[in-house]
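Hi,

Here is the structure I promised to pass on. Have a look at it first, and then read on for what turned up.

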Amino acid sequence: MSFPKYQPSRLATLPSTLDPAEYDVSPEARKAQAERLAIRSRLKREYLLQYNDPSRRGLIEDPALIRWTYARSANIYPNFRPTPKTSLLGALFGIGPLFFWYYVFKTDRNRKIFKLERITTSTQYRRIFYVIPGITSWVCLHASCEWKLSTQQSSLPYY
Amino acid sequence: MLKIIIPTAMLMPMTWLSKPNMIWINSTIYSLLISLISLSYLNQLGDNSLNFSLLFFSDPLSAPLLVLTTWLLPLMLMASQSHLSKETLTRKKLYITMLTTLQLLLIMTFTATELIMFYILFEATLIPTLIIITRWGNQTERLNAGLYFLFYTLMGSLPLLVALLYIQNTTGTLNFLIIQYWAKPISTTWSNIFLWLACMMAFMVKMPLYGLHLWLPKAHVEAPIAGSMVLAAVLLKLGGYGMMRITILLNPTTNQMAYPFMMLSLWGMVMTSSVCLRQTDLKSLIAYSSVSHMALVIVAVLIQTPWSYMGATALMIAHGLTSSMLFCLANSNYERVHSRTMILARGLQTILPLMAAWWLLASLANLALPPTINLIGELFVVMASFSWSNMTIILMGTNIIITALYTLYMLITTQRGKHTHHIKNINPSFTRENALMTLHLLPLLLLSLNPKTVLGPIY
């Protein structure tokens, strides 16, 4: 039986047993592969010894994780260099927005303050501040008096 | 006031003279009693302040902060018992002495009448905190953290001394009760601009303002649990309290000078909240969330409207309790796993369900869920800043969303999902830890029933 030739795809890569280059490897490359396998199996053995140890209390230290957290939290500055990309990002997100929002808010505030001052200082519009409250308070006073009188009259005895 | 100061000072001889098995019990119980005494100061007069003597007064703004400070000492002592259990007896007593000294200085700071006394005590609180961070922190970075903490705050507050002496010379007094009626409007000249900057920069660094916040993640992360609690809950509020007191002297220059700091706070809120989403270290996440919440307080104090002051006061108390509780929860994780990396301790809900309940409540409080006072504070500040300028709602709304995002991220990473293999045999939750969380949460929930206690003098 002849099988169709195996075509590797993105999610199914070519296994090493079907790769013809695997069988022509030089002895140095074979030795390097054996060394890497020895390292991997030593690390796995250490991990499994700790993992299955019944008297272990707490987590297994992973040096890679320790290095990663150290690099992300405490060792940032030595690994930082001002490049065009980082300077652009810094200006775009750190400095630019401050000036941008300053202009936005200043414009909005100036408009608001101008409107407020125009109303409070001009004589033409100032009447709004004492005519309208005056009318509303007069109306409310009258309405409350009438309501009070109407409720009182029902309780007065008829003479 | 002496009935709080003398017992707090006497806590120190009591610690040194106690028997070895009684130091924690004695100090916790007596500091709890002192906090119950300080609750009587919440009974404030409506229009005025309670004046105890020429040196001390309490006001609806400083009384809740005073109660928070005294409430926090027993909590700090309860939280520190575990990590100090391996130390020698003298070191334990020294630690308790440091905490008590800090407490004493903070009590006097919040109730000081004279602004110079406030300044001296404000600086003096740095020393016990520095000793706690650099001596009892866990990593070697704690030395760097102490350095940043000390020198940022000192650099910011040295001009404040000069400004206070200048004000004393021109106004004749620095007694807060007199100066609130004696303050004259100052014009916007260059020298008055520098006066404004000198007065405010100390508190901006302490709050911290977004550009000057570099000391905070370092100090919070490297400090032991009691140090983190007192830093997050009380020392940041010193900045807010100081700003609210000193802006009385600085009108109307504040209308012009506030803009750069408003921009830094508004944009800084969004930036630090976004940074929280990318943190690997749990305490670092909570530290950056503190920066974000305090930026709201800065915005509120610089706007200077009645609602914003009420919101600022409520937010300070609420954030004090919530942040301290989150640090205690993070510490309970750290004591079991000995690492602050968030992804190392996941899926805790299946193993410690009661602790998961505290995590849930603390996270819900942190993201300002109604009806907690966190929401009341944030809402008042958002409304006041909306009336200041309509456009702030964009940034404030973004901040609220991102706060919810990172708080839920923290909750889900630590509590939900499959647990990591190594946390199967961690210690169960101690009663001490559950009591600690309850004592944090109970004031927070009770205050949501009666928030006018923490709404400040404007209410």
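Let me start with a question: is A:Phe105 buried or exposed? At 0% relative accessibility, A:Phe105 is buried (buried means under 20% relative accessible area, exposed over 50% and partly exposed in between, with a 1.4 Å probe and protein chains only).

Before more detail, some housekeeping. This is a predicted model, where local features need pLDDT of at least 70 and side-chain atom pairs count only at pLDDT 80 or more, while totals for chains, interfaces and linings use all residues. Residues are numbered from 1 along each chain as its sequence is written, chains are lettered from A and ligands numbered from 1 in the order in which they are written, and side-chain values use heavy atoms, with hydrogens and water left out.

Now the rings. Over all chains there are 20 aromatic pairs (rings of Phe, Tyr and Trp, the last by its six-membered ring, with centres within 6.5 Å; planes under 30 degrees apart are stacked, over 60 edge-to-face, the rest tilted). One of them is A:Phe100 with A:Trp101: the centres are 5.1 Å apart and the planes at 65 degrees, so this pair is edge-to-face. A:Phe100 is partly exposed at 47%, whereas A:Trp101 is buried at 10%.

Back to A:Phe105, which makes a tilted pair with B:Trp388, 6.0 Å centre to centre and with 55 degrees between the planes. A:Phe105 is in helix H3 (residues 84-121) of chain A and B:Trp388 in helix H16 (residues 373-388) of chain B, so the pair joins two chains. (Helices are DSSP runs of H or I, at least four residues, numbered from the N terminus.) B:Trp388 is buried too, at 9%. Both belong to a cluster linked by ring pairs, together with A:Phe100, A:Trp101, A:Tyr102, A:Tyr103 and B:Tyr259.

B:Tyr259 also has a charge over its face: A:Lys106, 4.3 Å from the ring centre (this needs NZ of Lys or CZ of Arg within 6 Å of the centre and within 35 degrees of the ring normal). Likewise, the charged end of B:Lys206 sits over the ring of B:Phe122, at 5.3 Å from its centre.

One last thing, the lining of the second largest pocket. Helices H8 (176-182), H11 (225-246) and H14 (306-337) of chain B each give it at least two residues, and H8(B) has the largest share, with three.

Enjoy browsing!
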